[in-house]
Each structure stands twice: as structure tokens, then as C-alpha cells.
Amino acid sequence: MAVLMAPGGSKSMAIAALESGADSVYVGPRGWSRRPQSDELTDQEIFDLIDYGKTYDKDIRLAMNVMPCPEEFKLFLDKVELYVTRGVDGIMLCDPGCIRLVRQNFPDIEIHVSVTAGVFNINDIKFFNELGANIIVIPYRWGVEELRQINQQTDMALEAFMFQATKPGRICPGRCYSSSYFHIDHYRDEEQKNHCIGSASRGGSCHRICRAQWDLEIDHELQPETPTLKGTPELLLWELPQYVELGVSRFKIPGRERSIPLICDIVKFYRRALDHVLQGGKDLRDFEEKWEAIRHRWRTERVRRDDSRVHHATVAI
Ligand code: SF4
């Protein structure tokens, strides 16, 4: 079964995305999902969404892909229990200890290995599989051969982001802590969760400093093309038939921080494109014009958001 997953940066976005044709949404509880609070949900909003999912037969997943410190482990586990008991369908994690802990305590919940786990090779995936994870978010730029290896050597289901960096950058997703070296604020909520603003991996938003205009010193003899710190991700299209052929079961649209109208249009676009491929269509050229328009809107919103985050970090120091 192929599932189209959409982002839920708010309860309204999540419901709008489901009504636009998504089968599933993923949302982040406040302080636990690498986003600013404006793009995360309260417990009550998550409960409402889970209830909505039960009513309309939709799948609700949680991103809790941060690395809790020792004093936060009990709170982390209590939160997971709260959502699992309420009926959430799956949880995205990145920390190996958390994955093991959640599997030991909640044998039936589906566990996704978030792209922020920074998986490098098939042995990393086997390791997470042995810890109890069921679904691997395919690392950016992995090709057909790597996907075949996952299918042959593990029982992980495959989840593919519908975007990828078109050029390689210098930073591996999930292994970047540079924002927290730049500037970090601490804010404890009423449950004593430290939001660590500036450190995504600790549960705050990242300042996106990879997007700033850095003066990189390049040896052009060794590297003729000027690299960026991080490649710019673009929405995918042409890869869809191959992903379906390779058994990818979850197609994930990014963008919890985007606007609701844009997310709804992207969901409608991928709904049509994915259904076309699932019905045996291999030629996606009829989708190209619409795809280019959506990519343009995607890029424009991203640049605006990243610039404001970088600006926040630079005025804060
Ligand atoms: S600075 Fe860039 S690469 Fe590093 S965590 Fe933030 S968005 Fe990711």
C-alpha cells in the first residue's frame, strides 16, 4: 500500500492537507520535533487530530526526532505513552536509545527512523532495524542499489521524502550542530522541557545558518565548482515510478513551516501524480508544467523563511 504523507505545522494545516488528499499527516509535539513552536502542536491539538484520524480513517504520525538529555527521558517516555494510549499510528525518532526504549515499552507502535538519524549505510539501517524500528526514511540521494539492499537485507518499510538536494553540500542531514554553536537560548515550559532555541537536535528550532552567505575558502584546483554548505533541496517528480517499483510505501511531503495554501496545492499535485503512477503510468511529462510552478512557490517561501531565521541569529549575537 502506498501512503501519501503531508506535513502538519498546525492543526489547521494537518486537516487541510488530509482534506486535500493526503492519507497521513505528521506533526510535532511542542519542544520535541526540531521546529519552532509556531510549527508544532499542543497535546490537545494532537489529541484532536488523532480523533479526527479515527473518524475519517486517516493516519496520524508524530515527529519526536530530538535527542533528550538524561533529565528529559522520563518526560519523553511519558509523552510517548500519552500519544500511544490516545491512538497515534507511528512515531519518528532519531536517537538510538530512544528507539530502543520506545520499542521495549510499546511493542506495537510503528517506529520510523527519521532522516535526522544521519544514516550512512546499510549497516546503520540494520542496526536500527535490530533496535526495533519498522520504517526507514531513505537518506537523501540514495539510489536504486541502496534501496534494493534495504529490501533484501532488512524488513524495514521504505519512506521517501518528495524532495532532494540537487547538488551535494558539505553538511550531512542530522549530523549538523552548527546552529547551536552560533547562538542558543533556553526556555523551559511548564513541563520543564528545555526548548534549546537554536539547537534542532535538542528540541528547538535551527537558525538555518547553512543558508547564510558564507565566504568559503576554496582550492579551485581540487574543487572547480564552488560548493555550498548545504545543497538546496528541490521537490521531486521523475523518481516516482522508480520508487513505486522499488516498493517505497510512504511518500512524504516536507514543509511544516510552509503556508497552508502551498501545502494543499502540493498535496493535490502529488495525489494526482502518485495515483497516476500507481495505476501503471510511467510518463509524467503532463505533470511537468504544474510541478515547475509548485517548485517555484516552494523555493520562494523557503528563501523568505530561511532569511528570517538567519537574521534572527545574527541580530541575537
Ligand atoms: S544549519 Fe542547516 S544543515 Fe545545520 S541543522 Fe540547520 S538547516 Fe540543517
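Mentor: Let me begin with a convention, which is that angles under 35 degrees count as roughly parallel and those over 145 as roughly antiparallel. Keep in mind throughout that this is a predicted model.

Trainee: OK, so at what angle do α2 and α3 pack?

Mentor: Helix α2 (residues 43-56) and helix α3 (residues 73-86) pack at about 25 degrees, and their axes are 10 Å apart. The two helices are therefore roughly parallel to each other, and their crossing is right-handed.

Trainee: Which residues of α2 and α3 meet there?

Mentor: From α2 you have D43, I46, F47, I50, D51 and K54, and these meet K79, L82, Y83 and R86 of α3. Sorted by class, that contact holds 5 nonpolar and 5 charged residues, with no polar ones.

Trainee: And α1, at what angle does that pack with α9?

Mentor: The angle between helix α1 (residues 11-19) and α9 is again about 25 degrees, with the axes 9 Å apart, and that makes α1 roughly parallel to α9. The crossing of this pair is right-handed. On the α1 side the contact is made by S12, M13, A16 and A17, and on the α9 side by I260, I263, C264 and V267. By class, the residues of this contact divide into 7 nonpolar and 1 polar, with no charged residue.

Trainee: Switching to the strands, how many close into the barrel, and in what order?

Mentor: There are 8 of them, running in the order β1-β2-β3-β4-β5-β6-β7-β10 with parallel pairing, and from one strand to the next the twist averages 25 degrees.

Trainee: How many bridges join β7 to β10?

Mentor: Strand β7 (residues 157-161) and strand β10 (residues 250-252) run parallel and are joined by 3 bridges, and E159 stands opposite R250 of β10. Helix α9 (residues 260-278) packs on the sheet there, touching β1 (3-8) and β10, and the direction of α9 makes about 175 degrees with that of β1.

Trainee: Last topic, how many salt bridges are there in the whole structure?

Mentor: A search of the whole structure turns up 21 salt bridges. One to look at is the pair E110 and R61, whose side chains meet in a salt bridge at 3.0 Å, N to O. E110 belongs to strand β5 (residues 110-113) and R61 to strand β3 (residues 59-63), so this pair ties together parts that are 49 residues apart in sequence.

Notes. Residues numbered from 1 in each chain as written. Predicted model: local features only at pLDDT ≥ 70, side-chain atom pairs only at ≥ 80, totals over all residues. Heavy atoms only, no water. Axes fitted to C-alpha atoms, helices over the stretch in contact; angles between N-to-C directions. Helix = DSSP H or I, 4+ residues; strand = E, 2+ residues; numbered from the N terminus. Parallel < 35°, antiparallel > 145°, perpendicular 65-115°, else oblique. Left-handed = near helix turned anticlockwise from the far one by under 90°. Contact = heavy atoms within 4.5 Å. Nonpolar A, V, L, I, M, F, W, Y, C, P; charged D, E, K, R; others polar. Pairing = 2+ DSSP bridges. Salt bridge = Lys/Arg side-chain N within 4 Å of Asp/Glu carboxyl O.
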